Amino acid sequence: MIHDAHKYGALTELRCAAELIKRDWNVGFPLVTHSAVDLIAFKDGTFVTIQVKSGTSLDRGYARIVKDFNKYIDVDFIVCYDVHNRRWFIFEFEELRDRRSVTLSPNKYERNVDNWSLIR
């Protein structure tokens, strides 16, 4: 496992891009650092902006991401990866607005688990 947070974040962004490409999205990477936007995806005349997060700390067996999600107000989607259980959680920004953390539980967020069709 990679222990450098920046390298791990970059790897998770690439994995997310690969998942989108498998689903016929065209993916671009903004060439700026410290941006709320990690990926830009385009398909069928639609552009979406995406922030990618990976959860490595555990809360009752599920990855927990602790962030002030309001700082990502400029993105359409926040895509989170549960490193331990190898699952993706796709959230529209509004679902995480005003939150400071999220535990990636498939019981609580059943509709978000690996549901790439939410990105439209």
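Reader: In the open sheet of three strands, what is the order, and what is the pairing sense?

Author: The order is 4-5-8, and the pairing is antiparallel. This is a predicted model, where local features need pLDDT of at least 70, side-chain atom pairs count only at pLDDT 80 or more, and totals for chains, interfaces and linings use all residues. Residues are numbered from 1 along each chain as its sequence is written, and side-chain values use heavy atoms, with hydrogens and water left out.

Reader: How do you know that strand 4 and strand 5 pair?

Author: Pairing requires at least two bridges found by DSSP between two strands. Strand 4 and strand 5 (residues 62-66) have three, in the antiparallel sense. They therefore count as paired. Asp59 faces Tyr62 of strand 5 across this pairing. The strands themselves are DSSP runs of E, at least two residues long; helices are runs of H or I, at least four long; both are numbered from the N terminus.

Reader: What makes strand 4 and strand 8 edges?

Author: Strand 4 (57-59) and strand 8 (101-103) each have a single partner strand, so one side of each lacks a neighbour in the sheet. From one strand to the next, the twist averages 35 degrees. Such angles run from 0 to 180 degrees between N-to-C directions, with axes fitted as lines to C-alpha atoms, for helices over the stretch in contact.

Reader: Which residues touch the most other members of the largest nonpolar core?

Author: Leu20, Ile50 and Ile119 do, in a core of 19 residues. A nonpolar core is a set of buried Ala, Val, Leu, Ile, Met, Phe, Trp, Tyr and Cys residues joined through side-chain atoms within 4.5 Å. Helix 1 (5-22), strand 2 (39-43), strand 3 (46-55), strand 6 (77-82) and strand 7 (87-92) each give two or more residues. Helix 1 has the largest share, four residues. Another core lies apart, with 16 residues, including Val37, Ile65, Tyr72 and Val102. In soluble globular proteins, nonpolar side chains tend to be buried together.

Reader: Which residues is Ile119 in contact with, leaving aside neighbours within four places in sequence?

Author: Contact means heavy atoms within 4.5 Å. Ile119 meets that with Leu20, Trp25, Val48, Ile50, Phe77, Val79 and Ile90.

Reader: Why is Trp116 called buried?

Author: Buried means under 20% relative accessible area, exposed over 50%, and partly exposed in between (1.4 Å probe, protein chains only). Trp116 has 6% relative accessibility, so it counts as buried. It sits in the segment after strand 8. Leaving aside neighbours within four places in sequence, Trp116 contacts Cys16, Glu19, Leu20, Arg23, Val79, Trp88 and Ile90.

Reader: What makes Trp88 and Trp116 an aromatic pair, and which kind is it?

Author: Rings of Phe, Tyr and Trp (its six-membered ring) pair if their centres lie within 6.5 Å; planes under 30 degrees apart are stacked, over 60 edge-to-face, the rest tilted. Trp88 and Trp116 are 5.5 Å apart centre to centre, with 65 degrees between the planes. The pair is therefore edge-to-face. Trp88 lies in strand 7 and Trp116 in the segment after strand 8, so the pair ties together parts 28 residues apart in sequence. Ring pairs also bring in Tyr81, forming a cluster with Trp88 and Trp116. The structure holds six aromatic pairs.

Reader: Is Gln51 buried or exposed?

Author: Buried: its relative accessible area is 2%. Gln51 belongs to strand 3. Its side chain reaches the backbone oxygen of Ala36 at 2.4 Å. Not counting residues up to four places away in sequence, Gln51 touches Ser35, Ala36, Val37, Asp38, Tyr72, Val75, Phe77, Ile78 and Val79.

Reader: How many bridges join strand 6 to strand 7?

Author: Six, and the two strands run antiparallel. Asp82 stands opposite Arg87 of strand 7. The hairpin has four residues between the strands, and Arg86 takes a positive phi near 50 degrees there.

Reader: What is the phi of Asp44?

Author: Positive, about 50 degrees, although Asp44 is not a glycine. Most residues other than glycine have a negative phi. Asp44 lies in the loop between strand 2 and strand 3. At 72% relative accessibility, it counts as exposed.

Reader: Why is Asp98 called exposed?

Author: Asp98 has 59% relative accessibility, so it counts as exposed. Its place is the loop between helix 2 (93-96) and strand 8. Asp98 also has a positive phi, about 65 degrees, and is not a glycine.

Key. Polar contact = N/O pair within 3.5 Å; in protein donor to acceptor, adjacent residues only side chain to side chain.
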